[in-house]
Amino acid sequence: MIIMALDYGERRIGAAVCDELEIAAHPLPNVERDGTEWRQIKDLAQERGVDRIVVGLPLRMDGTEGRQARKVRGFVKQLRRELPDVSVEMVDERLTSAQAHSALTQMGAGSRRRRRAVDSMVAQLILRRYMG
């Protein structure tokens, strides 16, 4: 099964995909929130033969949902309408942004590179968490 993960953000949506054996998660180009995001997501899903999409749900540390989680739920609702033949699930994404920033810092990435890479890295972490 081909699974794609999305990290919903205000400016861009990070994306990653696994291989057919569900062993490795690979980053995809970020989806820019410029009015063409649905077309971009559909194209990525179609090009990769995606069977399932997992979207990171940003829960608070106590497990409750805030404003951003409600936005993600709205995004997922629209995603299910846009891609009715693809299964869509949500995954707890707590601490993935901190993990991604830490990893990129340890790799020596400057702040500009971190900003560009963090979204797809978070999507990779969401996908790895989902795959177990």
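The stops below visit the sheet, then the helices, then the nonpolar cores of this predicted model.

**The sheet.** Begin by selecting the five strands, which form an open sheet of mixed pairing in the order S3-S2-S1-S4-S5. Next, highlight strand S3 (25–32) and strand S5 (87–92): these are the edges, and each has a single partner strand, so one side of each lacks a neighbour in the sheet.

**A strand pair.** Select strand S4 (residues 52–57) together with S5; they pair in the parallel sense over six bridges. Which residue of S5 is the bridge partner of Val55? The partner is Met90.

**The helices.** Select helix H1 (residues 37–48), which packs on the sheet and touches strand S1 (3–7), strand S2 (12–18) and S3. The direction of H1 makes about 155° with that of S3. Then move to helix H2 (residues 67–82), which lies across S1, S2, S4 and S5 and runs at about 165° to S4.

**The cores.** Now display side chains. The largest nonpolar core has 25 residues, and those touching the most other members are Met4, Leu6, Ile41, Ile53, Val55, Phe75 and Leu79. S1, S2, S3, H1, S4 and H2 each give two or more residues to this core, and H2 supplies the largest share, five residues.

Centre the view on Leu6. Beyond its close neighbours in sequence, its contacts include Ile13, Ile41, Val55, Phe75 and Ile126. Finally, select Ala5, Val91, Ile126 and Leu127, which are among the eleven residues of a second, separate core.

Conventions:
Residues numbered from 1 in each chain as written. Predicted model: local features only at pLDDT ≥ 70, side-chain atom pairs only at ≥ 80, totals over all residues. Heavy atoms only, no water. Pairing = 2+ DSSP bridges. Helix = DSSP H or I, 4+ residues; strand = E, 2+ residues; numbered from the N terminus. Contact = heavy atoms within 4.5 Å. Axes fitted to C-alpha atoms, helices over the stretch in contact; angles between N-to-C directions. Core = buried A, V, L, I, M, F, W, Y, C linked by side-chain atoms within 4.5 Å. Buried < 20%, exposed > 50% of the residue type's maximum accessible area, 1.4 Å probe, protein only. Lists of a residue's contacts leave out its neighbours within four places in sequence.
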